[in-house]
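Reader: I'm new to this one and a bit lost. Could you pick one part, take me through it slowly, and show me what sits around it?

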Amino acid sequence: MWLKSVYAKPVAHLLCLLPCGALLWAAFNGGLGANPVEKLTHETGIWTLRFLLLTLCMTPLRQWSGQAAWIRFRRMLGLYAFFYVSCHFSIWFIADHSLRFGDMIEDIVKRPYITLGFSAFLLLIPLAITSNQAMIRKLGRKWKSLHQLVYVIVLLGVLHFVWLVKADYLEPSIYAIIAMILLAHRLGPIKRLGVKSAPVARN
Ligand code: HEM
C-alpha cells in the first residue's frame, strides 16, 4: 500500500513544507498583501492548528482503516506543528516586540489569548524534545502520559483562536468542532462503538 512505500515519507515532508514554501515565495515576491506581518502570523497560526489536528487524526485513521502505517506520520506531523508554532511565535516576538523580553512577558500576562497560545507553545517544547525513539525508550510508561499533553495543547490552541477572533466565529468554530470530535474519540465513547485497533508501528 502507498502508505508503506519508501516515497511516502519524503512526499509527506514536501507536503508539510508547502505552506512554508508558499509563504517564503509570497514574501520574496510581494505577495503578502498590505500587512505582511499580519498575514504571516495568521498563516503560521492556522497551519500550527492544522498540523496539531492532523497529528490527532493518525490514531483514528489507523483504527478505522486497519492500516498501522498511519502511525509512521504521527511524529512527523507533530514536529511540523512545533515548527510552524515556532515560526508563529518568532514572528510575533520579532515584529510585535522587537525581541524585547520584558515587553513580551507583559503582553503574555495582559492578553488572555496570548497567555493561552504561549502556554500551548511551552507545553509543545517537551513533546518535541522527547519525540525520538531514544526518549521513548528512556521514559517508558511516562512517555505516553507526557505525550497526552497534546490534548491540552489542542484545546489551548483552539481557545486561543476563538478568543482572538472579533467578529466571524465560523472558522474557529469549525476547528473547535473537529478538535472536539478527535478528543471525544480519545475519551472513549466512539472507541466503544466497536472499532478494532490495529497494532502500532513506530516510524
Ligand atoms: C499551539 C499554539 C498556537 C496555535 C494553535 C495558534 C493558532 C493561531 C491561529 C489559528 C491564529 C489565527 C489565524 C487567523 O487569524 O486566521 C493565531 C493568531 C495569532 N496568534 Fe497564535 N497560535 C498558537 C500560539 C501562539 C503563540 C505562542 C503566540 C505568541 C506568544 C501567538 C500569537 C498570536 C497572535 C498575535 C495572533 C494574531 C492575532 C490577531 O490577529 O490579532 N500564538 N494563532
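Author: Let's start with Thr55, which is buried in this predicted model: its relative accessible area is 10%, and the cut-off for buried is under 20%. Thr55 belongs to helix α2, and that helix covers residues 36-65. If you skip its neighbours within four places in sequence, Thr55 is in contact with Arg74, Leu77 and Gly78.

Now slide along α2 to Thr41, which is also found in that helix. Leaving out residues up to four places away in sequence, Thr41 touches His88 and Ile91. Thr41 and Ser173 are 132 residues apart in sequence, and their C-alpha atoms are 19 Å apart in space.

His88 is the one to follow from here. The iron atom of the ligand is coordinated by NE2 of His88 and NE2 of His160, at 2.0 Å. These two come from distant parts of the chain: His88 sits in helix α3 (residues 74-96) and His160 in helix α8 (residues 149-164), 72 residues apart. So what is the arrangement around the iron atom of the ligand? It is octahedral, because the six donor atoms subtend angles of 85 to 179°. For comparison, the ideal angles for six octahedral donors are 90 or 180 degrees. Both histidines count as buried, with a relative accessible area of 18% for His88 and 14% for His160.

α8 packs against helix α9 (residues 170-187) at an angle of about 165°, with the two axes 9 Å apart. Angles over 145 degrees count as roughly antiparallel, so that is how α8 and α9 run relative to each other. Their crossing is left-handed. On the α8 side, the residues that meet α9 are Tyr151, Val154, Leu155, Val158, Phe161 and Val162. Among those they meet in α9 are Tyr175, Ala176, Ala179, Met180 and Leu183.

Back to α3 for one last stop: the loop between α3 and α4 (101-110), where you'll find Ser98 and also Leu99. Most residues other than glycine have a negative phi. Ser98, though, has a positive phi, near 45°, and Leu99 has a positive one too, about 65°. What about their surroundings? Ser98 is partly exposed at 44% relative accessibility, while Leu99 is exposed, with a relative accessible area of 56%.

Key: Residues are numbered from 1 along each chain as its sequence is written. This is a predicted model: local features need pLDDT of at least 70, side-chain atom pairs count only at pLDDT 80 or more; totals for chains, interfaces and linings use all residues. Side-chain values use heavy atoms; hydrogens and water are left out. Donors are N, O and S atoms within 2.8 Å of the metal (3.2 Å for Na, K and Ca); water is not among the atoms, so sites may look incomplete. Four donors count as tetrahedral if all angles lie between 85 and 135 degrees; four count as square planar and six as octahedral if opposite donors are over 155 degrees apart and all others between 65 and 115; anything else is irregular. Helices (H or I, at least four residues) and strands (E, at least two) are DSSP runs, numbered from the N terminus. Buried means under 20% relative accessible area, exposed over 50%, partly exposed in between (1.4 Å probe, protein chains only). Axes are lines fitted to C-alpha atoms, for helices over the stretch in contact, and angles run from 0 to 180 degrees between N-to-C directions. Angles under 35 degrees count as roughly parallel, over 145 as roughly antiparallel, 65 to 115 as roughly perpendicular and the rest as oblique. A crossing is left-handed if the near helix is turned anticlockwise from the far one by less than a right angle, and right-handed if clockwise. Contact means heavy atoms within 4.5 Å.
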